[in-house]
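Work through the following exercises with the sequence and the coordinates open beside you. Each task is followed by a solution that goes step by step.

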Amino acid sequence: MIYSDACFPLPSSCHITFRLIFVSGAPRSMPSLQELDSQDVIVSPLTSKRRPQIAFHTRRYSPVQSIPIELMSEIFIFASHSPDDIRGAISQPITISHVCNHWRQVSLSTASLWTTIFLALPLSNNQLTRTITWIFRSRNRPLRIHMDFRDPSWNWDEGSHSFGWKAMENIMRLILPQAPRWHCIELLTDTWAPIFTFLSYTARVKSAPLLQNIRLARCNEYFAAKGEPFRPVNLALPVAWFGGGAGLCGLRQLSLSGVHIDWTNSGLRGLKELELKYHAQQVMPTLPEFMATMHANPGLERLVILGWGPKLDPGSQTVLQTIQLPQLREFEFGFVDVDYAVDLLSMFYVPNLRDLSIEDVASDIRPSQSQDCSRLFDYINFINETDSPRIPLSSLLSLSLRGIRAGNASIRQFLGHLYSIESLSVIGIDADPLWALCSILHTCPTLSTLTLKDVDTAAVALAFPANSFPPGLRIVIDTCTDRDDFGGM
C-alpha cells in the first residue's frame, strides 16, 4: 500500500486510511530486528535508476507532498517512538526512511528520529554499525541508550558468560564520547563484569547535564538472600561513578538492581524516583550514608526498597533517626528479614503516602523458607493507633501484599485501617490472609477492585463464596491455570 500511494493517485479517503494505519502501528511487512541486522538496510539507498522516477511521481501525484516537512517530521517521531517498544524505535525509522525518496530526505533531516540506541545479545557488527549511524544522524539531540546483554542459555557460571568486560569496554568506547548527550541509560546483565566496566568508564565523565534516568540491573535476585555474600569477591569495592557524583546534576530517576556504587560519592540529589533492589547486604550503604542520601532527596515521590536497605547495627536501635519524605506518594517495601524490616520501616515518616506495596522477598528467593510476618503488621497497626501515624493506612488508595504469611488477627486489624482504599492486590499468599480479606470486604466502602494472583483456587472458593461479594466490587482472580473476572458481582 505504501508503494502504490507513492506511484499513482489514490482517492483522499485511501490516503487518510493509510495514514491512520501507519501511525497506529508498524506495517505488516516490517522486518524484525534480526532480519534488519542480517541485511545492509542502515545506509542502503534506493537504486539510482528508480529514485528519480519515484520522486517524479511523488511530486506530481502524492498528497503527502502537500504536508509541511515539519509536520511530517512530527508524525514520523510520533509513529516510531514509544517508551514501551524500544525495538520499534529502531526498526520503524528504518522502514520510514525506505518508503520513497521524499520520506527518506525528511527522515534523515529529522534528528530526533534517530535518538534511540538499542544493543542486545547476540551482539553483531551490524548493531555496532547501526549505533554509529544513529549517533551521526541524531546530531546534537539527547540519546536514549538501552543495552540488554542477558543470555537465556547462561549456565550461571560467572566466568562463562557470552558477554564479558572486553565486549562492554568496546561499547563504552563507542558511546562514552556522547555522554554530554545521554538522556536515558539502561543496562541489563547477568554478571557483574559488564556493570563494573560501565561504572569504571563513567567515573571519567565529569558532566552529563542531560542525563535524567539511569537503570542498572544485575538480574539475579539470589544475592539478596540472608547471609549471601557479594560475588565476585575481588570486585566488591564500590566505584565513584560520574566524577564522584559531580556529573549527575540533572538525574531524576535511578534504579539499581543488584548494583552498588560508592554511596558516599554517589551524587544522588534532587531525585523523584529511587529503586534499590536485590543487593547483597554487605555492599549496601552504612546508616549515615543512607541518611545522607535520603536527606539530599526530600522531593522523592516514589521509593522502592526490595531486599536490604542500609546496614543497621542491632545494638543501635535506640538512636535510629527519622527519614521525612513529605512528597512520597508510592512506596514499595520488600524484606528478607522481618526484624530488620521493622527496624527500617520505623525510620520513615511518609504522611502523604497513597500507594503501598509490602512483599516478603525471602518467599520468592527461597520458597521453602517462609517466615511469619505478623510482627511487621503488628508494628504498622500499632503506629496507626497514634494521632500522627508514620505510615497512614487510612489515606491509602492502593495496597499490594505479596508472598505474605501472617496471623489472621494481625492481617485483619491491618486491613481494618484501610478506610479510603480503592485498589487491593493480593499475590501469592496463603489461606489465612484470604479469610481475613473476606471478613473485611464489607468494611471498605471505597474498594472498587480486588486482584488475587498466584493463590490457591480452592482457598479462594472457600474464602470468597459467591454471595460474599459487596455490590459493585470487581474481583479479578489470576492463577497459573485459569483467569477469571467476576466483575460487577
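**Exercise 1.** Classify Lys-226 as buried or exposed, and then examine the salt bridge that Lys-226 forms with Asp-337.

*Solution.* Begin with the accessibility classes, in which buried means under 20% relative accessible area, exposed means over 50%, and partly exposed lies in between, for a 1.4 Å probe and protein chains only. Lys-226 has a relative accessibility of 51% and therefore counts as exposed, whereas Asp-337, at 15%, counts as buried. Next, apply the salt-bridge criterion, a side-chain nitrogen of Lys or Arg within 4 Å of a carboxyl oxygen of Asp or Glu; the closest N and O atoms of Lys-226 and Asp-337 are 2.7 Å apart. The pair links distant parts of the chain, 111 residues apart, with Lys-226 in the loop between strand E4 (213–218) and helix H11 (241–244), and Asp-337 in the loop between E9 and helix H13 (338–345). Helices (H or I, at least four residues) and strands (E, at least two) are DSSP runs numbered from the N terminus.

The model is predicted, so that local features need pLDDT of at least 70 and side-chain atom pairs count only at pLDDT 80 or more, while totals for chains, interfaces and linings use all residues. Residues are numbered from 1 along each chain as its sequence is written, and side-chain values use heavy atoms, with hydrogens and water left out.

**Exercise 2.** Determine which residues are joined with Arg-302 into one salt-bridge network.

*Solution.* Start from the salt bridge between Arg-302 and Glu-273, whose closest N and O atoms are 3.7 Å apart. Because Arg-302 lies in strand E7 (residues 302–307) and Glu-273 in strand E6 (residues 273–277), this pair ties together parts that are 29 residues apart in sequence. Then take Lys-277 and Glu-275, which form a salt bridge with a closest N to O distance of 3.4 Å. Salt bridges that share partners join Glu-273, Glu-275, Lys-277, Arg-302, Glu-330 and Glu-332 into one network.

**Exercise 3.** Describe how strand E11 (residues 355–360) is covered and how E11 is paired with E9 and with E12.

*Solution.* Consider burial: five of the six residues of E11 are buried, and the strand is mostly covered. Pairing requires that DSSP finds at least two bridges between two strands. Six bridges join E11 to the parallel strand E9 (residues 330–335), with Glu-332 standing opposite Ser-357. Five bridges join E11 to strand E12 (residues 398–402), again in parallel, and Ile-358 has Leu-401 as its bridge partner in E12.
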